[in-house]
Amino acid sequence: MKPVKVGICGLGTVGSGTFNVLTRNAQEIERRVGCEIIIEQIGARRDNPNCITTGTNITRDIFDVAVNPEVDIVVELIGGNDVALKLVMLAIENGKHVVTANKALIAVHGNEIFAAAKKNNVTVAFESAVAGGIPIIKALREGLAANKINSLAGIINGTGNFILSEMQQKGRDFSSVLSEAQALGYAEADPTFDVEGIDAAHKLTILASIAYGVELQFDKAYTEGISKVTTEDVQFADELGYRIKHLGIARRTQTGIELRVHPTMIPKDTLLANVNGVMNAVLVDADAVGQTLHYGAGAGDEATGSAVIADIIDIARNINSADSRAVAPLGFQTDELSDSPIMSMEETETGYYLHLKAAEKPGVLAEITKIIGDCGINIEAIVQKESDEEYVPVILLTQRVVERKMNQAIAQIEALESTLGSVARIRVEHL
Ligand code: HSE
C-alpha cells in the first residue's frame, strides 16, 4: 500500500514527542495502519535538541508544508490562533487532511474550519486538543455514541490541577508551583490561560459540542480561574470533607446546556477528588452506560504525541480504505446541530461554600443567616473559626440554589456593616 506522508508544523514539546514516538514505534504503527507513515517535512523556526531529525526535510517556513504536494496530512502543533488558523485553512484549501493539538483554535474557529474541511472533502482531527493523551474525543464521539450525555465534569488543565494538588498536599504557595509546571513544559505559553481557566474552557467547549451536538460556543462558557483560591480555603474544604478541584462542567438541563469552568468543591472520597498532580480525568454521566471515568496524562510530549498519532493513524486508514468512513468532526453526520441554548451562569444551580469575615459580636450570624434564608437558600453547615482578630472567618455550606439568588444574598451580606470585604465563594458539586 502507498505510504501516507505527514508534514509536522511546530517542533516544541508536542512536536518533538510526536516525532519521537512516530519514529520509535514506526514498525508497530505500520502494522496497525497497513502502510508506512513517512515524515515528509517538518516546518519549525528552530531545531529541538530533544529529537534527532537528521535526514528529514526541514523548512523554516511552516507554510511550505501546507502547500507541499507530497504531504497528505498537515500536523499543526504551533499553537496560538492567528498563524495557526492561516496554516490550517491553507492546508485545507490545498486538499490536505489536518491533525491539530490546538484547543484554542478549535474552540474559537472550529465551526469555520470544519465547514472548510467539509467543502474540500478532508478530515480535521483534534484528539490531542483535549486532555492530552486521554482518548476522550473518540470515547465521547464513538464509544458513547449510543447514549444521551447527562453531564460531564473534567479536570482538564494539568497545570491547574498540579497547583491545587501541591497546595493541598504540601501547603506550597501558588507561584512556586506554577514555575515548576512551566519548567516541566505543562503550562501554556501564557500561563494565565491555565490559572484563569481559559485553557480549560477551550477544552470544555469542544467536549460539550461533541456531547450535545451544538456549535462550538467558547464565548458563552463561564470561566473562573484558581488564582483566588487560598491555602485557607483548601484547608477549610478539607475539614468539611471536600477537595477543591478546577472543573469544567457541561450539563444538559430542561432549559439548555450549562457550560462552566470554576473551582469546585467535591467530596474528598470521590474518584475525581483523588486525581492529583498533572493528571487529567473526565467523568461522563450518560443515560445507558452510567458513569465512566477517563483518566490519564493531560499534558507532556509523548502523552500528547500519542493522541496526535492516533489521529494520523485514523486518517491514514481512511486514505487507504476504498470507501470513505470518516466520522464528522463533532460526530454528527448530518448538518443538523442542536439549537439548545448555552445557559447563563445566573441560571445555573449548584451548592455553595462561602467564606467571609464577620465582626465578633452578638447577632451578626443571625443577620447573615436571615439574608440567606430570605433569598430562599438552605444552609447545610455554618462554622465560625477562632481568631484574635476583630473580624473572624465564617464558613457556610449551602444546598443547591440558582446562582442569581446566591448573587443577591452575597451582595446583601457584603453590604452589612458587620462584615469585612468581599465574600469568597466556591461552588459545590456532588458528582
Ligand atoms: N497547559 C495545558 C495543561 C497543556 O496544563 O493542561 C495541555 O493542554
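Leaving aside its neighbours within four places in sequence, which residues is Arg427 in contact with?

Before I answer, a word on what we are looking at. This is a predicted model, in which local features need pLDDT of at least 70 and side-chain atom pairs count only at pLDDT 80 or more, while totals for chains, interfaces and linings use all residues. Residues are numbered from 1 along each chain as its sequence is written, and side-chain values use heavy atoms, with hydrogens and water left out.

So, to Arg427. Taking contact to mean heavy atoms within 4.5 Å, Arg427 is in contact with Tyr222, Glu224, His262, Pro263, Thr264, Met265, Met345, Thr350, Gly351, Tyr352 and Glu403, once its neighbours within four places in sequence are set aside. You will find Arg427 in strand 16, residues 419-428; helices (H or I, at least four residues) and strands (E, at least two) are DSSP runs numbered from the N terminus. Arg427 has a relative accessible area of 1% and is therefore buried, where buried means under 20% relative accessible area, exposed over 50%, and partly exposed in between, with a 1.4 Å probe and protein chains only. Its side chain makes a polar contact with the side chain of Glu403, at 2.7 Å. By polar contact I mean a pair of N or O atoms within 3.5 Å; within protein, one must be able to donate a hydrogen and the other to accept it, and residues adjacent in sequence count only if both atoms are side-chain atoms.

Let me step back to the overall layout. The protein is divided into domain 1 (4-133 + 301-319), domain 2 (136-296) and domain 3 (349-428), with bounds that come from an automatic or database domain assignment. The C-alpha centres of domain 1 and domain 3 lie 51 Å apart.

Next, the nonpolar cores, each being a set of buried Ala, Val, Leu, Ile, Met, Phe, Trp, Tyr and Cys residues joined through side-chain atoms within 4.5 Å. The largest has 57 residues, and those with the most contacts inside it are Ile92, Ile113, Ile136, Leu140, Leu152 and Ile206. Among the elements that each supply at least two residues of this core are helix 4 (82-93), helix 5 (103-119), strand 7 (149-155) and strand 10 (257-267), while the largest share, 9 residues, comes from helix 10. This core draws at least three residues from each of domain 1 and domain 2. A second, separate core of 27 residues includes Val21, Ala44, Cys51 and Ile312.

Now to charge. Side chains of opposite charge can pair when their charged atoms come close. The structure holds 28 salt bridges, a salt bridge being a side-chain nitrogen of Lys or Arg within 4 Å of a carboxyl oxygen of Asp or Glu.

In one, the side chains of Lys170 and Glu166 meet at 3.1 Å, N to O, and both residues lie in helix 7 (residues 158-170), 4 residues apart, about one turn of the helix. Lys170 counts as exposed, at 56% relative accessibility, whereas Glu166, at 8%, counts as buried.

In another, Glu239 and Lys385 meet at 2.3 Å, N to O. Glu239 lies in helix 11 (residues 231-239) and Lys385 in the loop between strand 14 (379-384) and strand 15 (391-402), so this pair ties together parts that are 146 residues apart in sequence. Here Glu239 is exposed at 53% relative accessibility, and Lys385 is buried at 18%.

The remaining pair is Arg260 and Glu258, at 2.9 Å, N to O, and both of these residues are buried. Salt bridges that share partners join Arg251, Glu258, Arg260, Glu349, Arg400 and Glu429 into one network.

Finally, the cysteines. How many disulfides does the structure hold? The count is 0, taking a disulfide as a pair of cysteine sulfur atoms within 2.5 Å. For Cys35, the nearest cysteine sulfur, that of Cys9, is 20 Å away. Cys35 is buried, with a relative accessible area of 2%, and Cys375 also counts as buried, at 9%.
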